[in-house]
Amino acid sequence: MKFVLCFILCIISTSYTSDIVINNKRFPTSFLFGAATSSYQIEGGWDADGKGQNIWDNVTHKNPNFIKDGTNADVSSDSYHRYKDDVQLLKDHGAQFYRFSIAWPRIMPNGFRNSLNQAGVQYYKNLIAELKNNNIEPMITIYHNDLPQALQDLGGIKMPQFADWFAEYARVCFELFGNDVKHWMTINEPYVACTVGFISLPYEDGVEDYICIKNMLLAHANAWHIYDKDFRPTQGGKVGMVLNSNWFEPESDKPEDLEASERSMQFIWGWLAHPLYKGDYPEIMKTRVAMRSQLEGYNQSRLTELTSEEIAYIKGTNDFFCVNSYTTAIVRGQPEPPIGKPSHNTDLGVVMYQPADWQDSPLDWLKVCPWGIQKLLRWIANEYGNPEMIITENGYADGTGTLNDTIRYNYIKDYLSYIRDAMDKDGANVIGYGYWSLIDNFEWTSGYTAKFGLAYIDFNDPERKRIRKMSSYYYEHVIKTRCLLEDNSCQD
Ligand code: PNW
């Protein structure tokens, strides 16, 4: 059995670069291709023109060891001064949209409206105008990990007030920029922001993450309701939350492995998507966390329940499903983990790994597995009534930033092929794809050791020139021809 499994996985994994039959159907003309970035990772200008500090400014300055190479994003790709180069690069690709984020403390340095910073506002107005002049649609993420330090000092995302702080900020964004924006993304990857990316490290695993996600859901719902009532009638856009994770492939078709796969999907995707689409956390999650909490001697479940008012308030607040996904993990069932220190992982209770022979990257969680994306999209379509989906992030990092980036080129081609398969074989309602990332940038705790860009940046070059990689020319071909085959021989 093990042998058969390895045999299958090995075939699949070696086929990554060579044997995949690339989907030869042209992408519809309405399909949106673009690229993504986030404010802290690219902007630099960390204290320019009145910007307030964010939690990453604070941690990287106080504790450089927090970052693998001891760096920070004080300057990074310097998009605060070079946003026109970014727009030119998007134009060179023929991109239909650019997904970027607004830095909360750049427009509201203390986190609140009373500190509104005109220079910061002007930066985003200029960027949006430049995009529109070049027929590129701005898609805006309102929050992408760069919380104002001032709000962190008040307790940050753990505080029940967070949902109101965020609502005020989102309203300001809709007011200032909403006339030019049709796709709003409230919060990027709450799952990461509340777990591995929890900046108040160490966070209390299995307790604070549940509180954090609940606050994120309420914050998102606040923004959606504000938009729906006060802005949608005149601005006519859509508002969604950006969810992320892997596809979780069962190790075998044994019932315990199939269950482990489904449980992982429910625990990780369902944690957010169930409240948004169905009205409450997944049943399996409520049952397991309650059961383990009780055995641990808690009086109530560590998974703070949603009240019936909250359930009604959150349900139906995702106008489109934003999917960030880069990779797949294999999962296996296991006996109930012993009761001890609580954690989200033991609440889930599965064994997870990535086979050693999958193409790796400098990031320990990122290995290449193109077929996983089709299964993920199919699962979301089935589970949530085939909502409109945009792949808001997908990409590959190498350590060097080489211009001859064949792995990234294959990654884009193969992932897009399986996305196209999900559309025409499974009927998944995917309407767009945004590659992460437009340019090399600061990769959080990995600093500049992992480079995702379609364009290379030498971080010692004062001009921060954007230099297109081979994959970028391929992506341009795909955007312009809507065909994954180089000879453009796709069927219409
Ligand atoms: C996403 N993980 O983060 C973010 O939205 C981007 O800011 C980031 O640069 C990109 O993916 C690449 O990392 C993730 O540990 C961070 O599984 C961590 C994980 C996944 C995504």
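Which backbone oxygen does the side chain of Tyr123 reach, and at what distance?

Modeller: The side chain of Tyr123 reaches the backbone oxygen of Ser79 at 3.1 Å. This is a predicted model, in which local features need pLDDT of at least 70 and side-chain atom pairs count only at pLDDT 80 or more, whereas totals for chains, interfaces and linings use all residues. Residues are numbered from 1 along each chain as its sequence is written, and side-chain values use heavy atoms, without hydrogens or water. A polar contact is a pair of N or O atoms within 3.5 Å; within protein, one must be able to donate a hydrogen and the other to accept it, and residues adjacent in sequence count only if both atoms are side-chain atoms.

Tyr123 belongs to helix H6, residues 118–133 (a DSSP run of H or I, at least four residues, numbered from the N terminus). With a relative accessible area of 5%, Tyr123 is buried (under 20%, 1.4 Å probe, protein chains only). Neighbours within four places in sequence aside, Tyr123 is in contact with Glu43, Ser79, Tyr80, Tyr83 and Arg106, contact being heavy atoms within 4.5 Å. Ser245, 122 residues from Tyr123 in sequence, is 32 Å away, C-alpha to C-alpha.

As for the ligand, 14 residues surround it, and Gln41, His144, Asn188, Glu443 and Trp444 are the closest (a heavy atom within 4 Å). Ligand oxygen atoms are 2.9 Å from a side-chain N or O atom of Trp444, 2.9 Å from one of Glu393 and 3.2 Å from one of Tyr326. The protein buries 87% of the 450 Å² that the ligand exposes when taken alone (Shrake-Rupley method, 1.4 Å probe).

Conventions: Helix = DSSP H or I, 4+ residues; strand = E, 2+ residues; numbered from the N terminus. Buried < 20%, exposed > 50% of the residue type's maximum accessible area, 1.4 Å probe, protein only.
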